[in-house]
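Visitor: I would like to take a close look at one single part of this model, and I would be glad of a careful explanation of the terms along the way.

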Amino acid sequence: MAAISVFGVTRRGLTWIIAGTPRRELWSRSREEKKPVVADTVEEVEKKPILMCPPLRSRTYIPPEDLQSRLKSRVKEIFGSSALSNWQDVSLEDGRLKFSFLACLADDLGHAVPNSRLHEMCRVRDVLDFYNVPVQDRSKFDELIASNLPPNLKITWGY
C-alpha cells in the first residue's frame, strides 16, 4: 500500500495519521479535559442556596355588593368633596391622583388593575366597570368538566 503525505497528514490504509498521532488519541484528550470542568460546576451549584417557588395565589375576585359606595367614598377622599355631584365622570388624567386612587382600591378590594389595562382607566366610570366584572381562577377545561357534557364526550386528565 502506498502512503500519501501532505503537510504532516498521512494516510495509511483506512486511517489518517496526523504528525504521527492516530485520530483516536486526539479525540480521547478532549474528553479527558472536559471531565474536571463538570465536577467544578457541580460543587458551585451545591454551595448556592436553593430558591423555592412562591405558592400560587388565587386570582378569584367577586365584586362586593357595596362597590359603588366604596368607590364614591374613595373619590371623595382623594379628589375632594367637589367631585361628588357627578363622581363617575371624574377624570383620572393626573397621574398621582390616578395612582393613589387605584392603589387604595387595590388594597381595599384585594384586586388590582393589571398594567396592561391601566391606559383604559380614564374616568372613574371605567374603574367601576373593571371592578364590576367577576374573575374566576379556573381553566377552560375545569369549566368544561363542571358543565353538563353530552354522554359521548369525556375529558380525561391522565394524558
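How many residues does α2 have, and how far does α2 reach from its first C-alpha to its last?

Guide: This is a predicted model, in which local features need pLDDT of at least 70 and side-chain atom pairs count only at pLDDT 80 or more, while totals for chains, interfaces and linings use all residues. Residues are numbered from 1 along each chain as its sequence is written, and side-chain values use heavy atoms, with hydrogens and water left out.

Helix α2 has 13 residues and reaches 18 Å from its first C-alpha to its last, close to the 18 Å expected at 1.5 Å a residue, where the expected span is 1.5 Å times one less than the number of residues. Helices here are DSSP runs (H or I, at least four residues), numbered from the N terminus.

The buried residues of α2 are Leu-67, Leu-71, Arg-74, Val-75, Ile-78 and Phe-79, and buried means under 20% relative accessible area, with exposed over 50% and partly exposed in between (1.4 Å probe, protein chains only). Seen down the axis of α2, these buried residues fall within an arc of 105°, so they line one face of the helix; the arc is that of the directions from the helix axis to the C-beta atoms. As a general point, an α-helix has 3.6 residues a turn, so residues three or four places apart point the same way.

The cover over the buried residues of α2 includes α3 and α4. With helix α4 (residues 124–131), helix α2 (residues 67–79) packs at an angle of about 145°, and their axes are 11 Å apart; axes are lines fitted to C-alpha atoms, for helices over the stretch in contact, and angles run from 0 to 180 degrees between N-to-C directions. On the α2 side the contact (heavy atoms within 4.5 Å) is made by Leu-67, Gln-68, Leu-71 and Val-75, and on the α4 side by Val-124, Val-127, Leu-128 and Tyr-131.

The other helix in that cover, α3 (residues 95–109), has 15 residues, and its own buried residues include Phe-101, Leu-105 and Leu-109. Seen down the axis of α3, its buried residues fall within an arc of 130°, so they line one face of the helix, and what covers them includes α2 and α4. On the other side of α3, Arg-96, Phe-99 and Asp-107 are exposed.

At the end of α2, Gly-80 comes just after the helix and takes a positive phi of about 100°.

Methods. Helix = DSSP H or I, 4+ residues; strand = E, 2+ residues; numbered from the N terminus.
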